Amino acid sequence: MEEPEVHPDLEPIAFLLGRWEGAGVGGYPTIESFNFGQEIEFGHNGKPFLTYVSRTWLLDEAGNRVRPLATESGYWRSLPDRQIEVVLSHPTGIVEIYIGEVVFHKIELRTDVVARTATAKEYTAGHRLYGLVNGNLMWAYEMAAVGHPLTDHMSAELKKVA
């Protein structure tokens with residue numbers, strides 16, 4: 001079966017398409033700093049949204065995988081006037097709806113809605129930046145959780161591998 005054409009509405013975010021791999025750093029006032037590896041995949045089926053899956057794993061000092069960390073999946077929808085909506089779900093019982101803007105190859109997102117199950121940790125807001133820099137996907141994430149305001153949490157540099 002042939003790969004469908006990318007929906008024209010996705011033009012502002014089509015640079016995300018593909019599989020990206022790399023490493024980053026994380027931390028938060030309630031945890032020790034850590035290094036992690038990551039794989040993100042953005043796909044499409046010809047409709048006006050991107051599919052999204054991210055997997056991370058803890059790395060030791062030598063860069064070897066220690067254990068899985070977070071995973072999230074969802075959909076990215078490009079809107080008129082370079083606006084964007086992102087819906088993400090986490091197996092830890094959290095669902096987020098982000099709204100934001102695309103400016104060239106930079107995307108800034110802020111949570112509009114956060115919903116949690118009764119067993120999920122307290123998490124109230126997120127702010128994410130994604131950008132294409134010298135062909136690599138750079139991203140940074142701030143979160144508000146467990147009584148802290150928006151605080152740096154994770155960032156990474158990913159190379160396109162497929």
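V87, V95, I97, I99 and V113 come together as a nonpolar patch on the surface, with about 340 Å² of accessible area between them. This is a predicted model, in which local features need pLDDT of at least 70 and side-chain atom pairs count only at pLDDT 80 or more, while totals for chains, interfaces and linings use all residues. Residues are numbered from 1 along each chain as its sequence is written, and side-chain values use heavy atoms, with hydrogens and water left out.

**Surface patch**
- Strand 6 gives the most to the nonpolar patch, with 3 residues, and V95 has its place in that strand.
- Patch members have over 30% relative accessible area and no salt bridge; nonpolar side chains (Val, Leu, Ile, Met, Phe, Trp, Tyr) are joined within 5 Å, and like charges within 9 Å.
- Accessible areas come from the Shrake-Rupley method with a 1.4 Å probe, and for residues only the protein chains shown count as cover.
- Strands (E, at least two residues) are DSSP runs numbered from the N terminus, as are helices (H or I, at least four).

**Largest pocket**
- The largest pocket has a volume of about 980 Å³, and of its 33 lining residues, A70, T92, M143, H153 and M154 are the closest to its centre.
- A pocket is an open set of points on a 1 Å grid over the protein atoms alone where a 1.4 Å probe fits, with protein on both sides within 12 Å along at least five of seven lines; lining residues have an atom within 4 Å of a point.
- Grid points are joined across faces, edges and corners, and the volume is the space filled by probe spheres set on the points.
- Strand 4 gives the most to this lining, with 6 residues.
- By class, the lining has 19 nonpolar, 8 polar and 6 charged residues, where Ala, Val, Leu, Ile, Met, Phe, Trp, Tyr, Cys and Pro count as nonpolar, Asp, Glu, Lys and Arg as charged, and the others, Gly among them, as polar.

**UniProt annotations**
- An unreviewed UniProt entry marks T30, K121 and H153 as "binding site", and the lining of the largest pocket takes in T30, K121 and H153.
- T30 lies in the loop between strand 1 and strand 2.
- UniProt positions are in the numbering used here, feature names are shortened, and annotations may be inferred rather than shown by experiment.

**Salt bridges**
- The whole structure has 7 salt bridges (a side-chain nitrogen of Lys or Arg within 4 Å of a carboxyl oxygen of Asp or Glu).
- R19 and E39 meet in a salt bridge through their side chains (3.4 Å, N to O).
- R19 lies in strand 1 (residues 18–28) and E39 in strand 2, so the pair ties together parts that are 20 residues apart in sequence.
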